[in-house]
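Visitor: I have a chain open here and would like to talk it through. Could you walk me around it?

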Amino acid sequence: MKNKKLIIFIILFTFILIISIFYIIFNSKMAKKINFGNNKSSQEIVSEFLNISSYEATVKIDVKSNKNNNKYILKKQYISPNISTQEVIEPKNIAGIKIIKEGNNLKIENTKLNLSSIFENYNYISENDLDLECFIEQYKNQKEQKIEEKDNQIILKIEGNKNKNLYIDKNTAKPIKMELKDNNKNESVYILYNEVTLNNIKKENLIK
């Protein structure tokens, strides 16, 4: 009788142990999936990111060349397919300047400053190549879409005369930074994205 009880106890104990192990393994896998973009695969994250309807971000831009080093901080907004605004926060000498683009129309505000001075100081950050929406369009139009993964980040690559790398956080599906190198001008640009909001901007809420 005692042997039967012992055998039953061992069987029950083994069964409970196996169930516990499976439970721990299952929860561990689920935790990893939740940590990587709410159960979405990298390809799903990229696909959704490439089709964003709008974004808003504070952007830090560092432009390095043989001659000088220029730094900017901008507030940027974009609504698909062709409306964008950006306002200069730094440097102070051009702070408050706003560029508003809608289709082929371009508007510059804060004309208290001399216009020639505006364009001289604004030549880097008025280039489309530095816009997130420009990167998305170029990447989508590539014959071969190049993608890498490293340290919980997805890296989208554009190669040519201007090599660009865009880093996306796998946890939030938001852009972290962009690196651009212009081989012709021997110039590098580093862009950091802060306070990013995706798919939640309306036209009436654009910078005024």
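**A loop residue to start with**

Guide: D151 sits in the loop between β6 and β7, and since this is a predicted model, everything said about that loop refers to computed coordinates.

Visitor: What is the phi of D151?

Guide: The phi of D151 is near 50°, a positive value in a residue other than glycine.

Visitor: Is D151 buried or exposed?

Guide: D151 is exposed, because its relative accessible area is 64% and the exposed class begins over 50%.

Visitor: Which other non-glycine residue has a positive phi?

Guide: A173 is one of them, with a phi of about 65°, and A173 belongs to the loop between β8 and β9. A173 has a relative accessibility of 22%, so A173 counts as partly exposed.

Visitor: Let me step back. How many helices and strands are there?

Guide: The protein chain has four helices and ten strands, and from the N terminus on these elements follow the order α-α-β-β-β-β-β-α-α-β-β-β-β-β.

Visitor: What share of the chain is buried?

Guide: Of the 208 residues in the protein chain, 35% count as buried. The accessible surface of the protein chain comes to about 13400 Å², and 53% of that surface belongs to carbon and sulfur atoms.

Visitor: Which residues have the most contacts inside the largest nonpolar core?

Guide: The largest nonpolar core has 34 residues, and those with the most contacts inside it are F49, I61, L156, L166, I191 and Y193. The elements that give two or more residues to this core are the helices α2 (42-49) and α4, together with the strands β1 (54-64), β2 (69-79), β7 (153-158), β8 (162-169), β9 (175-182) and β10 (187-198). The largest share, five residues, comes from β1.

Visitor: What does Y193 touch?

Guide: Leaving out residues up to four places away in sequence, Y193 touches A57, T58 and V59, then L130, L132 and L166, and also P175, I176, K177 and M178.

Visitor: Staying with β10, what about S188?

Guide: S188 lies in strand β10 and counts as buried, because its relative accessibility is 16% and the buried class is under 20%. Not counting residues up to four places away in sequence, S188 touches D62, V63, K64, L180 and K181.

Visitor: Where is S42 found?

Guide: S42 is found in helix α2, and at 13% relative accessibility S42 counts as buried. With neighbours within four places in sequence left aside, S42 is in contact with E149, I154 and K170. The C-alpha atoms of S42 and I154 are separated by 7.3 Å, although these two residues are 112 residues apart along the chain.

Visitor: And K146, how does it sit?

Guide: K146 is in strand β6, which covers residues 146-150, and K146 is partly exposed, with a relative accessible area of 28%. Residues up to four places away in sequence aside, K146 touches Y139, I155, L156, K157 and E159. The C-alpha atoms of K146 and N165, 19 residues apart along the chain, are separated by 9.8 Å.

Visitor: Where does P81 lie?

Guide: P81 lies in the loop between β2 and β3, where a cis peptide bond joins S80 and P81, with omega about 10°. A cis peptide bond also joins E90 and P91, with omega about 5°, and P91 lies in the loop between β3 and β4 (98-102).

Key. Residues numbered from 1 in each chain as written. Predicted model: local features only at pLDDT ≥ 70, side-chain atom pairs only at ≥ 80, totals over all residues. Heavy atoms only, no water. Buried < 20%, exposed > 50% of the residue type's maximum accessible area, 1.4 Å probe, protein only. Areas by Shrake-Rupley, 256 points an atom, 1.4 Å probe, with all protein chains shown as cover. Core = buried A, V, L, I, M, F, W, Y, C linked by side-chain atoms within 4.5 Å. Contact = heavy atoms within 4.5 Å.
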